[in-house]
Structures are given as C-alpha cells and as structure tokens.
Amino acid sequence: MECQIGLLPVVLSALAALAGCLNLFQSDCYTANGADYRGAQNQTSPQGGKPCLFWNETFQHPYNTLKYPNGEGGLGEHNYCRNPDGDVSPWCYIAEHEDGVYWKYCEVPTCRMPGNLGCYRDHGDPPPLTGSSETSNKLTIQSCISFCRSRRYKMAGMESGYACFCGNDPEYWKYGEAVSTECNSVCFGDHTQPCGGDGRVILFNTLIGACGGNYSLDGAVIYSPDFPDTYGPGRVCYWTIQVPGASGIRFNFTLFDIKDSVDMVELLDGYTNQVLARFDSRNRPLRPFNISSDFVILYFFSDRTNQAQGFAVIYQAFKELHPPETAGPYSSSPNQTLIEVITERTNLSGSAARSSKILYVITTSPSQPPRNMPGWTVYALTALLILTVIAILAKILLHVSLKWNGVTGSRTIGDCHRSSAGDIWTIFYKPSTSISIFKKKLKNQHDDRNPLVGE
Ligand SMILES: [Ca+2]
C-alpha cells in the first residue's frame with residue numbers, strides 16, 4: 001500500500017498524494033488520527049507486531065465492551081486496532097509484560113488519510129522542507145498548513161509537536177520514510193492530532209482544509225475548511241469540480257459531522273447554479289450518489305455557532321454510460337441518477353426558496369456588510385474598534401517589557417508550557433532535541449477527555 005510518490009516531480013506527487021495514489025477509494029481513514037478506522041488489523045504492526053487483545057476481554061482497562069456496549073468508537077467483540085479516546089492514532093491493548101507496557105499504537109498502513117504524504121526522517125541539515133518555518137505552542141496540523149498555504153507552498157510538515165516547515169522540495173523523501181507510529185507526537189495546539197516526532201516530520205498537502213479551490217482531476221478528496229481542525233465560524237467556501245469529457249461525477253461523503261441545521265453543504269450544477277442537493281445535520285449524505293454533469297460546484301456555509309469536524313468527500317468522474325457500480329440502495333432504478341432520487345426526497349419548494357439566497361451569496365461578495373445599518377451602530381462599532389486597538393497596544397507594550405526583563409533568563413520549554421495560555425512565546429527548534437512535555441495517558445485511570453463519555 002505504500003505510495004511511491006517520492007519518485008514523481010513535486011507537483012505531480014502532491015496531486016497524486018491528494019488523489020491517494022489511486023488508492024483513493026481504498027483508504028480506510030479520512031481523519032488525521034484514524035478515529036474513523038474500522039478495518040480489521042488486529043496486531044500493532046502488519047509485520048511482526050504484537051497481537052491485540054479483544055475489546056470484550058479488557059475489563060481491567062477503561063475501554064471495553066462492557067463500558068461501551070453500543071459500538072462506541074468502533075469497539076466490539078473483536079481485537080481490531082481502534083482509537084476510541086481521541087488519541088493521535090489507532091491503538092490496542094496488548095498482553096502486559098514485565099516492562100509494564102499494556103497498550104501500543106498500531107501501525108496501520110491503510111489508515112492514512114488522503115493528503116497525508118507520510119512520516120519521514122529529518123536529520124536537520126538540510127531539513128526535508130526548506131521553505132518558511134515557524135514554531136508555535138499552539139501548533140495544529142491546519143495552523144501549519146495555513147501558514148504554508150498562505151506562502152504558496154504545496155507541502156507542510158510538522159515535527160516534534162510544535163515545529164512547522166513549508167516547502168516544495170521534490171526530494172523530501174530522501175532520508176527515508178518512517179513508520180507512521182514514529183510521527184505520533186501530539187500537536188501542542190490539539191492533543192488529538194499527530195504532529196511528527198523526534199527527528200520525524202509528518203507531511204501534508206496544503207490543499208487540505210482550504211476554503212475553496214478548482215479541481216479538474218478525474219478524482220480527488222475535498223475536505224471542509226480548516227480540516228482536520230473544526231471548521232471556523234462564518235465560513236463561506238466553494239469549490240469547482242470540472243472534468244471535461246466526463247458524463248457524470250460520483251460523490252461519496254466518507255466523513256460528515258455538522259451539528260446544527262444552519263451549517264450546510266450543497267452541490268450545484270456548475271452551468272445553471274441550480275442547487276442539486278443540500279446536506280446538513282438533519283439531512284446527511286448516507287450513501288454515494290452520482291450527478292450527471294461534468295461541472296459541479298461544492299458549496300459550504302457555516303454560521304457563528306456550533307462548529308464541528310466538517311466533511312471529507314471523494315469525487316470520481318466517470319465517462320461510461322453506466323457509472324462504476326458500488327452503489328447501495330440508491331441504485332434501485334438503473335435509469336435514474338442518484339441525484340434525482342435525492343431531489344425527490346428533498347422538499348423541492350423549500351430548497352428552491354433557500355437556494356436563491358445561497359446563489360446570491362455565491363454571486364456576490366460573501367463579506368459584504370449588512371446594509372441599512374443604523375447610525376448609532378456605526379458609532380458604537382467605531383468606539384469598540386478604538387477600545388480594541390488600545391487594548392492590543394497595551395498588551396504588546398506589556399509583553400515587550402516582560403520579554404525585555406526576562407529574555408536573559410534560562411526559560412525552559414517546561415516553563416513555557418506552564419505559562420498562561422495567552423502568553424506569546426517561541427521555541428527555537430532544533431531537530432533531534434528530545435522533548436517530552438506530555439505524559440502518556442494512563443489508560444488505567446479515568447480520562448476526563450474521553451470523547452465517548454461525552455460529558
Ligand atoms: Ca454552525
């Protein structure tokens with residue numbers, strides 16, 4: 001399953017990686033940490049890994065089918081690798097030996113989200129990516145990707161949880177690829193995401209999580225804005241998918257997490273801008289479907305509240321009269337495209353009423369301010385703006401004076417970590433510097449961050 005993308009020129013490799021090296025539809029994971037992995041690997045590595053224990057026999061540990069009897073997190077009467085606690089990668093319990101290790105991360109080669117180019121060795125001189133770089137105590141995969149994307153780099157790499165590298169280097173692979181479990185350092189800004197390791201850089205295509213784009217490849221994966229972080233508030237994004245010569249395009253939402261009914265995803269006919277399908281928290285895309293057009297616009301909208309993970313959608317253009325058949329119940333009528341089925345199921349009159357509003361948003365500037373603003377609102381906003389500027393200036397002055405006083409002190413990373421959350425600080429990154437701020441979680445203690453508990 002390993003992709004030989006390193007042998008291709010960089011642009012091609014980046015595109016091929018996003019298309020998943022032709023394994024687009026076989027990838028088992030579309031989240032960055034494999035929380036959606038439901039495959040059947042039952043040892044910690046495909047070659048010579050330790051066998052996993054059955055989840056219905058691990059009652060001495062917090063994660064077992066007695067505590068989670070309804071398949072939460074993919075647990076069940078099996079011993080497959082899973083990630084029920086929002087860790088950075090799938091893992092499983094193993095038989096405990098005298099060394100005290102009773103769980104391990106699983107190296108699952110099929111569980112690499114499209115756009116993740118892999119985990120690579122970094123000896124530091126030169127680094128695998130030689131463009132811009134930064135360090136941050138709030139690093140997430142997307143904060144690094146956004147940093148690199150804004151500088152027009154095609155690849156972003158994270159290392160040791162807090163370092164971010166950008167580049168277009170075609171030979172990023174030349175020090176060798178490492179197994180995915182060597183890139184399992186948590187991102188300092190989000191402990192559920194993997195951000196490389198000690199002397200290991202995890203690389204991503206910077207198209208991931210972009211707000212919009214133009215696609216003309218036969219197939220690709222498109223992620224919601226800011227992915228794998230939750231999508232931001234007030235996002236208005238659209239992507240064009242135009243594949244000349246195609247008779248239709250098949251869509252498959254492999255991930256869909258939208259929590260309120262205002263946020264939504266729509267598919268529009270690229271030529272007429274007619275809304276063909278709308279999905280939100282109440283109307284989820286349950287199965288793959290086809291659209292009989294070679295030009296489709298994907299549209300996403302979020303309001304100010306209730307952000308969520310978002311979506312990952314695979315599209316694949318087809319040219320033959322009958323599309324590649326993997327369809328489920330939607331294909332009950334062979335001459336009816338799936339989008340027609342969906343349109344039938346949707347309340348068309350209601351859709352049409354809301355469509356015009358949406359098309360207005362698309363065809364006009366999304367950031368257009370509201371009109372007919374009362375005069376007092378302008379004065380209030382101006383006053384607020386002035387106060388904000390004063391506050392920011394005061395904070396900068398305070399910060400500068402603090403930094404001036406304390407810059408000669410031997411401020412360690414540990415100190416930095418304990419400093420207040422709003423504090424701005426920088427680590428000077430050195431490859432192969434061993435840092436272990438975060439303790440490994442204790443699986444024999446109750447973990448309050450447990451996403452399955454949901455409290
Ligand atoms: Ca919302």
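How many bridges join strand 4 to strand 6, and in what direction do the two run? Three bridges join them, and strand 4 runs antiparallel to strand 6, which covers residues 163–167. Before I go on, let me say that this is a predicted model, in which local features need pLDDT of at least 70 and side-chain atom pairs count only at pLDDT 80 or more, whereas totals for chains, interfaces and linings use all residues. Residues are numbered from 1 along each chain as its sequence is written, and side-chain values use heavy atoms, with hydrogens and water left out.

A word on terms: helices (H or I, at least four residues) and strands (E, at least two) are DSSP runs numbered from the N terminus, and two strands pair if DSSP finds at least two bridges between them. With those terms, the chain has six helices and 19 strands.

Six strands form an open sheet in the order 4-6-5-10-3-7, with antiparallel pairing. Its edges are strand 4 (133–135) and strand 7 (177–178), each of which pairs on one side only.

Now the chain as a whole. Of its 455 residues, 46% count as buried, that is, under 20% relative accessible area, with exposed meaning over 50% and partly exposed in between (1.4 Å probe, protein chains only). Among contacts with a separation of 6 or more, 72% come from residues 24 or more positions apart.

Next, the metal. Which residues coordinate the calcium ion? The donors are Asp260 (OD), Asp263 (OD), Asp263 (OD), Asp303 (OD) and Thr305 (O), at 2.1 to 2.6 Å; donors are N, O and S atoms within 2.8 Å of the metal (3.2 Å for Na, K and Ca), and water is not among the atoms, so sites may look incomplete. Along the chain, these donors follow the spacing D-x2-D-x39-D-x1-T. Aspartate 263, in the loop between strand 14 (248–257) and strand 15 (264–269), and threonine 305, in the loop between strand 18 (295–301) and strand 19 (310–318), link distant parts of the chain, 42 residues apart. Aspartate 263 is buried, at 0% relative accessible area, whereas threonine 305 is partly exposed, at 44%.

Finally, the salt bridges, each a side-chain nitrogen of Lys or Arg within 4 Å of a carboxyl oxygen of Asp or Glu. The count comes to six, and I will take three of them. Arginine 278 bridges to glutamate 266, with the closest N and O atoms 2.4 Å apart. This pair also links distant parts of the chain, with arginine 278 in strand 16 (residues 275–279) and glutamate 266 in strand 15, twelve residues apart. Arginine 278 is buried, at 5% relative accessible area, and glutamate 266 also counts as buried, at 0%. In the bridge between aspartate 257 and lysine 259, the closest N and O atoms are 3.4 Å apart; aspartate 257 is partly exposed, at 23%, while lysine 259 is exposed, at 55%. Glutamate 171 and lysine 174 meet at 3.8 Å, N to O, with glutamate 171 partly exposed at 45% and lysine 174 partly exposed at 45%.

Key. Contact means heavy atoms within 4.5 Å.
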